[in-house]
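I am opening a notebook on this structure. The entries below keep to what I looked up, topic by topic.

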Amino acid sequence: MTAQKVTVTVDQNVTLKDFFKQIENQSDFKFAFTEQFDTNKKYFTKKSIFKQIEIEKLIAELNKTATVQFSIVGNNIFVKQKSPSQKAVKKKSKLKGQIFDNERQPVIGANVFIKELEAGTITDINGRYSFEIPNGTYTLTISYVGSKNQEKQITISDDVTMNFSIESDSQQLGEVIVMNNKAVDIKTTQMSVNKLSMQEIKKIPVAMGEPDPLKSILTLPGVTNAGEASSGFNVRGGAADQNLILLDGAPVYADSHMFGFFSIFNADIVNGLDLYKGGIPSKFGGRVSSVLDVAQQTGDFDEYKVNGGIGIISSRLLVQGPIQKEKSSFILSGRTSYAHLFMKLADNNNSAMFYDLNAKLNFRFDANNTLSFSGYFGNDLFDINDRFASTYGSTMGILSWKHKFSNSLNSNLSAFYSDYRFNLEIPIESFKWDSNIQSYGMKYNWNYQQSEKFKINYGIDGLYYNFNPGVVQPTSSDSQFNYKQLDKKYALEASAFIDFENQITEKLNFRYGLRYSSFYRFGPEPISTYENGQAVVYNPLYKIYEEGTPTGTINYKKGQAISTFNNLEPRAALSYAFNDETSIKASYNRMAQYIHILANTQSPLPMSIWTPSGPFTKPQLLDQYAMGYFRNFRDGDYSLETELFYKNVQNRIDYIDGADVLANNNIEQVILNGKARSYGMELLFRKNVGVFTGWISYTLSRAEQKTPGRTPEEPGVANGNWYLSGYDKLHNLSIVGSYELNPKWSFNGNFTLQSGQPVTYANGYYEMGGIHVPNYSLRNENRLPLFHHLDLAATYTPKPDKKKGWQSYWVFSLYNVYNRKNAASVSFTTNEDTGANETRRLSIFGIVPGVSYNFKF
């Protein structure tokens, strides 16, 4: 019972009866006292506010100052008079814990200081601190080079362990999570960033009951996707291929399993994620929409631990512990699905499954040097009635060395490899198709802190690409397909950056920086030439765009430059704090993107092909402006973030009507270069503390695309006017709530409402050879119906007080509680029996129950 938490306010005007009501209304405790007590009298000598404090700790604090003595027996709190000789004795307790950075690496040499006592210590090689202090309430501050000072009110009544997380990189998220405080960092220049901890992610209900970091970001303002069971995500009206996804710093080129049902990120090993939507620091580049920075946990350096979960269609297991105590550690996590086993039991020849493995190794050589390795391997397998078979997946590995030169300068050197592969086989056609993208890279970043008011972050990086659009191979002698290797492509992307963070005055902060990027596409590769230099031509007779006529080929030799691009990418951000609770911020950033996904669908499919910029495809260039108002209420109990943004993208790929992008060796014959823009307002309101927490996010935005004709005679796309892009969602609302009923039961809910996705409907038909052929309106002139659903989950912990040995909890979930049939697509066909035209709506999910058993020991 003593684990129950309450929020209590006492002062010289609060009677004993008032105090009893506060406790009894929030807990199961009852008060017991003799008749000598007048409960209408006032027994408290000073004002104290206790927020979400355990009953046992509250009683210990009150006994120091109140003129009566409280004691707990079972679920009763006894009240008695203090004897004249009884004094509030200041007992000493031990405060200890660890300090971690944003990647869950222990922070060596961080300062931990108690203001009231003017005493402190620094963390050791394992990031640990420890000292004895008298019981009481204090202000604890944590400071470290390259991070913002953190301050936290703590109450000590017994020996306690407190672990804290700080942002070790000044250019990353300014909002730092300390003991689950989600208040907005008012003074930092960083804006347009959302951070989710794994505690929050695991509370958000999703389909199939599997915690999903990627699905969870869809509850944040400005973030949507193409619908249920779809891969990718869209940020502020951008396409999925415009998002840079990093796993421990290495790029990831695909983000989902099972065509979007699951993300590749295993919730057990992920420590948290940062989503940058704007005001992006100079150290990030290569995409024009967002940066999703996902960090894996660091293995425990002291003891072995195991945790996992068993769900309806998938299970997972994680093991971690020391390799050499306090010097090296490992963490290994695996996940697999088993829906295909149920299909076989039901005599269903179809098969669909996935599996993935995550690993991380950490080595501490001394106080100035640490080495880590992170790895990921995942695969999906599909087999449909032996008519269609597909496997696809990703591999990633990154080796990082962190070195501390001095208290003012530290660095991070990393080398990585990442690839994505897709394989398709169709036995009845006797052929198979293999494709992949490989990349190798290196980064070297430095952080220099001249003072608390002036910091510099600078670095260089390089990335080599090997694009294989595909090789088609016959699988039998009677196959109608011949061996064909689509032209491979090679490229190098290099950049250098510098960022300055300057505190101009106590209220005004300024961050400014510059990134210089270069992109080189080189041979060996044959490049086609076309009549009049046009790979796409307009046919005025039929009023359609058609493939241009090739006139020859230029054969570039190995290493010979085909195309070269260079761009300067300035960044700037400003914040002005009116006071400790309110500020305004503004930011600007230019970014360049040199690689693109070839897919004329709204959601990337596993067979989507990445291609580099070149003679016919220019790099995308973004200019984004944002400004916002930020406010904390009641000492951070509530917070409000509001932002306005405007994005303009040059050289956005568009496709001619009927474009065939699959296995197309001359993709330039079906694409046009256009531009895109998006603008809108975002709102995020959080309740950060209490038994009920959560947030409301709302976005009002517009996303459009324009591809004008190249000559006055050409109409372009949609008559050369602005038209809604496939990522436009005028309204986007999410409400997320979490309620802790008691230590055993907690409840969570998520309501989502979005405008329907823009689509192109048939507005009539014409007859050709006795067949009705639909005639379509202008591109994306229509919308799918409104998209919404409510998801609920309940978490049951049988033994919440058990801290050692086997610990477990159950999660029961309902996705789409009221069974909404949201439209994933609308198709126009002819009824085979009647010959009448039909409109058919495809829905993926109705109501989906889920249950999982989770454990650790």
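**Salt bridges**

I searched the whole structure and found 22 salt bridges. I count a salt bridge when a side-chain nitrogen of Lys or Arg is within 4 Å of a carboxyl oxygen of Asp or Glu. This is a predicted model, in which local features need pLDDT of at least 70 and side-chain atom pairs count only at pLDDT 80 or more, while totals for chains, interfaces and linings use all residues. Residues are numbered from 1 along each chain as its sequence is written, and side-chain values use heavy atoms, with hydrogens and water left out.

I looked up Lys 305 and noted its salt bridge with Asp 300, at 3.1 Å from N to O. For burial I use relative accessible area: buried is under 20%, exposed is over 50%, and partly exposed is in between (1.4 Å probe, protein chains only). Lys 305 is partly exposed because its relative accessibility is 31%.

Next I took Arg 571 and Glu 569, whose closest N and O atoms are 3.0 Å apart in a salt bridge. Arg 571 is buried at 3% relative accessible area, and Glu 569 is buried at 1%.

I then looked up the salt bridge of Asp 728 with Arg 702, where the closest N and O atoms are 3.1 Å apart. This pair links distant parts of the chain, 26 residues apart: Asp 728 is in the loop between E47 and strand E48 (731-740), and Arg 702 is in strand E46. Strands here (E, at least two residues) and helices (H or I, at least four) are DSSP runs, numbered from the N terminus. Asp 728 has 0% relative accessibility and counts as buried, whereas Arg 702 has 22% and counts as partly exposed. I also noted one network, in which salt bridges that share partners join Arg 236, Lys 277, Glu 643 and Glu 682.

**Domains**

I noted three ranges: domain 1 (5-81), domain 2 (92-165) and domain 3 (195-201 + 289-856). The bounds come from an automatic or database domain assignment. I read 53 Å between the C-alpha centres of domain 1 and domain 3.

**An open sheet**

I traced an open sheet of five strands in the order E14-E21-E22-E17-E18, and its pairing is mixed. Strand E14 (193-197) and strand E18 (250-251) are at the edges, each with a single partner strand, so one side of each has no neighbour in the sheet. I take two strands as paired if DSSP finds at least two bridges between them. Strand E17 (residues 243-247) runs antiparallel to E18, and two bridges join them. Within this pairing, Leu 246 is opposite Pro 251 in E18.

I followed strand E55 (residues 807-815) to strand E54 (residues 787-796), an antiparallel pairing with five bridges. Ala 793 has Ser 813 in E55 as its bridge partner. E55 also pairs with strand E58 (residues 848-856), again antiparallel, over nine bridges.

Which residue in E58 does Trp 810 stand opposite? I found Tyr 853 there. Trp 810 is in strand E55, and at 34% relative accessible area Trp 810 is partly exposed.

Trp 810 belongs to a nonpolar surface patch with about 820 Å² of accessible area together, including Tyr 739, Trp 745, Phe 812 and Val 851. Patch residues have over 30% relative accessible area and no salt bridge; like charges are joined within 9 Å, and nonpolar side chains (Val, Leu, Ile, Met, Phe, Trp, Tyr) within 5 Å. Accessible areas come from the Shrake-Rupley method with a 1.4 Å probe, and for residues only the protein chains shown count as cover. E55 and strand E49 (745-754) each supply at least two residues of the nonpolar patch.

**Backbone entries**

I found a cis peptide bond between Gly 523 and Pro 524, with omega of about 15 degrees. Pro 524 is in the loop between strand E34 (508-522) and strand E35 (525-530).

Ser 192 is not a glycine, yet its phi is positive, about 55 degrees. I placed Ser 192 in the loop between strand E13 (164-165) and E14. Is Ser 192 buried or exposed? Ser 192 is buried, at 1% relative accessible area.
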